[in-house]
Amino acid sequence: MELTKRDTQMTKGLAIVFMVLLHLFCRVDNLPYECIKIGGVPLVYYIGLISDCCVAIYCFCSGYALEIINQKIIESKQYYINRIKSLFKLLINYWIILLVFSFIGLIIKNDSIPISFTHFVKHFFLLENSYNGAWWFLFTYVLLVLISKPIYLLVERLNPYILVIISTGIYFIAYIQRLKNVVDFNNDFANWIIMQMSLLGTSFLPFVCGMIFYKYELFTKIRNWLNKRFNNTKLNVIGAIIFLVLIIGHGIVRTVFVAPFIGLVVIVVFNSVKKGKIIDKIFELLGEHSTNIWLTHMFFYSVLFKDLVFVAKYPVLIFAFMMLLTICCSYIINVVYKPIVKLIK
């Protein structure tokens with residue numbers, strides 16, 4: 001059985017958990033919290049480190065969902081009309097958050113947001129993300145959606161192994177450019193374009209993998225194979241062992257290069273084990289609010305309310321406090337957002 005809409009919602013919930021863990025705890029110096037250490041390195045750092053696969057997980061889910069939509073809507077014109085509507089809804093969500101937190105920045109006289117009207121306009125059109133570092137993915141996601149039809153055609157026509165090899169090559173080149181800045185035109189606009197292409201290139205591989213997984217019904221095949229050999233208890237134990245190995249392995253190989261590959265393993269494990277009704281509901285809730293959590297969480301530890309969540313002192317409490325703040329924000333934002341998007345047909 002392939003992933004349901006609820007499955008992908010829960011997987012997005014996992015992605016947002018990883019994003020928050022990454023941003024809060026992937027640090028080894030000047031810790032704003034108390035925690036257990038192993039050899040001088042915070043234990044929670046290793047959890048934050050493996051969480052760098054969060055974007056890859058989200059890209060996979062997006063590719064998976066858009067493959068389903070592509071197969072239902074063959075005609076390109078209707079497909080693009082629907083995708084532009086969905087992007088417009090996302091941008092409305094973003095603009096509401098941009099306006100609200102820019103207004104708060106003016107009220108508390110913050111130095112980093114909104115700075116000036118020019119900066120605000122650049123953020124409005126996704127040309128800058130200095131207000132909130134997590135916003136970089138918005139422009140990349142828009143590009144992925146806009147080129148999703150040609151990608152779908154590639155998935156339909158190319159051998160999947162060849163396509164994965166090509167996508168991995170694109171990822172490698174984009175990763176090197178993003179890390180080493182090999183191509184530099186000494187021009188701000190040209191370099192901005194190169195950076196956006198690099199970000200798109202590093203997101204391309206998991207996006208394509210999501211499409212391939214749906215087209216070839218790989219989750220159905222994996223689940224059938226596992227269910228014939230293991231009961232639920234054994235599956236959960238195997239899943240826990242795999243996750244522990246990933247944490248230890250990534251702790252040894254500390255490079256973000258492995259993020260998409262780790263992300264793929266995490267997605268398969270997460271959607272193969274039995275999590276229980278309560279855990280499912282928690283991840284479903286987080287998935288439902290994942291966009292607002294993504295777009296707001298950095299304000300509560302580094303931008304407008306610097307170090308606010310760290311008053312909780314201990315990692316588990318800090319994480320819980322962050323989720324409480326962002327989910328409450330999400331409900332408030334949705335009071336404005338939902339009536340507006342209902343007007344878009």
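A residue counts as buried when its relative accessible area is under 20%. Keep that cut-off in mind while reading this predicted model.

Start with a charged pair. Asp-7 and Arg-223 form a salt bridge, with the closest N and O atoms 3.7 Å apart. The bridge links distant parts of the chain: Asp-7 lies in helix 1 and Arg-223 in helix 10, 216 residues apart. Are these two residues buried or exposed? Both Asp-7 and Arg-223 are buried.

Arg-6 meets Glu-284 in a salt bridge, at 2.9 Å from N to O. Here helix 1 (residues 5–25) is linked to helix 13 (residues 277–288), across 278 residues. Arg-6 is partly exposed, at 35% relative accessibility. Glu-284 is partly exposed too, at 26%.

Loops also take part. The side chains of Lys-313 and Glu-34 form a salt bridge of 3.6 Å, N to O. Lys-313 sits in the loop between helix 14 (290–296) and helix 15 (315–341), while Glu-34 sits in the loop between helix 1 and strand 1 (37–38); 279 residues separate them. Lys-313 has a relative accessible area of 39%, so it counts as partly exposed. Glu-34, at 42%, is partly exposed as well. In total, the structure holds four salt bridges.

Now turn to the rings. The structure holds 37 aromatic pairs. One of them joins Phe-60 and Phe-219 edge-to-face, with 6.1 Å between centres and 90° between planes. Phe-60 belongs to helix 3 (residues 54–72) and Phe-219 to helix 10 (residues 218–229), so this pair ties together parts 159 residues apart in sequence. Phe-60 is buried at 3% relative accessibility, and Phe-219 is buried at 0%.

Phe-88 and Trp-95 make another edge-to-face pair, at 6.1 Å centre to centre and 75° between the planes. Phe-88 is partly exposed, with a relative accessible area of 38%. Trp-95 has 18%, so it is buried.

Ring pairs can also build a group. They link Tyr-94, Phe-101, Trp-135, Phe-299, Phe-300 and Phe-305 into a cluster.

Charges meet rings at other sites. The charged end of Arg-83 sits over the ring of Tyr-79, 5.3 Å from its centre. Lys-275 lies over the face of Phe-270, 4.4 Å from the ring centre.

Finally, look at the surface. Leu-244, Ile-248, Ile-252 and Val-253 form a nonpolar patch there, with about 400 Å² of accessible area together. Ile-248 is placed in helix 11 (residues 232–252).

Key: Residues numbered from 1 in each chain as written. Predicted model: local features only at pLDDT ≥ 70, side-chain atom pairs only at ≥ 80, totals over all residues. Heavy atoms only, no water. Phe/Tyr/Trp six-rings, centres within 6.5 Å; stacked < 30°, edge-to-face > 60°. Helix = DSSP H or I, 4+ residues; strand = E, 2+ residues; numbered from the N terminus. Buried < 20%, exposed > 50% of the residue type's maximum accessible area, 1.4 Å probe, protein only. Lys NZ or Arg CZ within 6 Å of the ring centre and 35° of its normal. Patch = residues over 30% accessible without salt bridge, like charges linked within 9 Å, V, L, I, M, F, W, Y side chains within 5 Å. Areas by Shrake-Rupley, 256 points an atom, 1.4 Å probe, with all protein chains shown as cover.
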